Structures are given as C-alpha cells and as structure tokens.
Amino acid sequence: MFHIDQSAEVPPFEQIKRQIKEQRDSGELAAGHHLPPVRRLAGELGLAPNTVARAYKELEAAGIIETRGRNGSFVTGTADSADKAAAHAAGEYIARVRALGIDDERAVALVRDAATAALAPGA
C-alpha cells in the first residue's frame, strides 16, 4: 500500500503523508478506509513508530484522516472521492441486478424505494 524511498531527500513521514493524501484524492483509498495501526505500518516499512505517528498526526490535523481512539485511523472523504466510490458502488449494483435478470428501469425504482424507506420516520 505504501513504500518508502530511503534514498529520497523527503523525510519518511512526509512520504507517508504524501502517499495517503494522493491515494485519498485519487479515490484509491476510499472514505472510511481503515489505515493500518501505527506500529504495524512502521514494522512493514522498517520505520520507527514515532515516524508513522507523526505522519498520522499531521494528516489528522489537515483533516485527511480521523482517529477514532482504539478503533484506529480512517481516511476522510472528499466530494470527489465520495462520488467515485458511489459511482463504483452503482456500477456493482447494476451488474448484480442485471445478473439477476432485473432491467435498469426496475433497478432504479428499487433504489428509489430504498431511499424513500430510509428517509421514513423510524428507519
């Protein structure tokens, strides 16, 4: 998922930050993606845990990730990444309903019905 170029002039924590931000912005890391724990990522990359912790802390300060206590760190969404993720989910949905023999018009009606039900009181 991430790699560190030890010969680069850019410090490792900056490389981690850059890669997470770029992957988030491209949609490669979707909103809500659970990032590896600091110690595990540090071990995988051959870095000190404080290096990864610093990257995560700065990413959190920038609003690119959020930390949820013991639950870990998660990528936050952008409008563009949310749109890309939703488009991907829509494509998967269409492929699935077509495989079930449901036409596109009925598939859209099912989505509309589900959205209406989700907005109903007590849903």
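Me: Please zoom in on helix 1: which of its residues are buried, and what does Lys-21 form a salt bridge with?

Reply: First, the ground rules. This is a predicted model, so local features need pLDDT of at least 70 and side-chain atom pairs count only at pLDDT 80 or more, while totals for chains, interfaces and linings use all residues. Residues are numbered from 1 along each chain as its sequence is written, and side-chain values use heavy atoms, with hydrogens and water left out.

Now the helix. Helix 1 covers residues 12-26, 15 residues in total, and runs 21 Å from its first C-alpha to its last, close to the 21 Å expected at 1.5 Å a residue. Helices here are DSSP runs (H or I, at least four residues), numbered from the N terminus, and the expected span is 1.5 Å times one less than the number of residues. Just after helix 1, Gly-27 has a positive phi of about 90°.

On to burial. Phe-13, Gln-15, Ile-16, Lys-17, Gln-19, Ile-20, Gln-23 and Arg-24 are the buried residues in helix 1. Buried means under 20% relative accessible area, exposed over 50%, and partly exposed in between (1.4 Å probe, protein chains only).

Take Gln-15, which counts as buried because its relative accessibility is 8%. A polar atom of the Gln-15 side chain lies 2.8 Å from the backbone nitrogen of Asp-5. Leaving aside residues up to four places away in sequence, Gln-15 touches His-3, Ile-4, Asp-5, Ala-8 and Val-10, where contact means heavy atoms within 4.5 Å.

Arg-24 also counts as buried, because its relative accessibility is 10%. Its side chain reaches the backbone oxygen of Gly-77 at 3.4 Å and makes a polar contact with the side chain of Asp-25 at 3.5 Å. A polar contact is a pair of N or O atoms within 3.5 Å; within protein, one must be able to donate a hydrogen and the other to accept it, and residues adjacent in sequence count only if both atoms are side-chain atoms.

Asp-25 has another partner too: Lys-21 forms a salt bridge with Asp-25, with the closest N and O atoms 2.7 Å apart. By salt bridge I mean a side-chain nitrogen of Lys or Arg within 4 Å of a carboxyl oxygen of Asp or Glu. Both residues sit in helix 1, 4 residues apart, about one turn of the helix. An α-helix has 3.6 residues a turn, so residues three or four places apart point the same way. Lys-21 counts as partly exposed at 38% relative accessibility, and Asp-25 does as well at 31%.

Arg-68 is partly exposed at 39%, as is Glu-66 at 32%. Asp-104 and Arg-98 form a salt bridge, with the closest N and O atoms 2.6 Å apart. The salt-bridge count comes to 8.

Technical notes: Helices (H or I, at least four residues) and strands (E, at least two) are DSSP runs, numbered from the N terminus.
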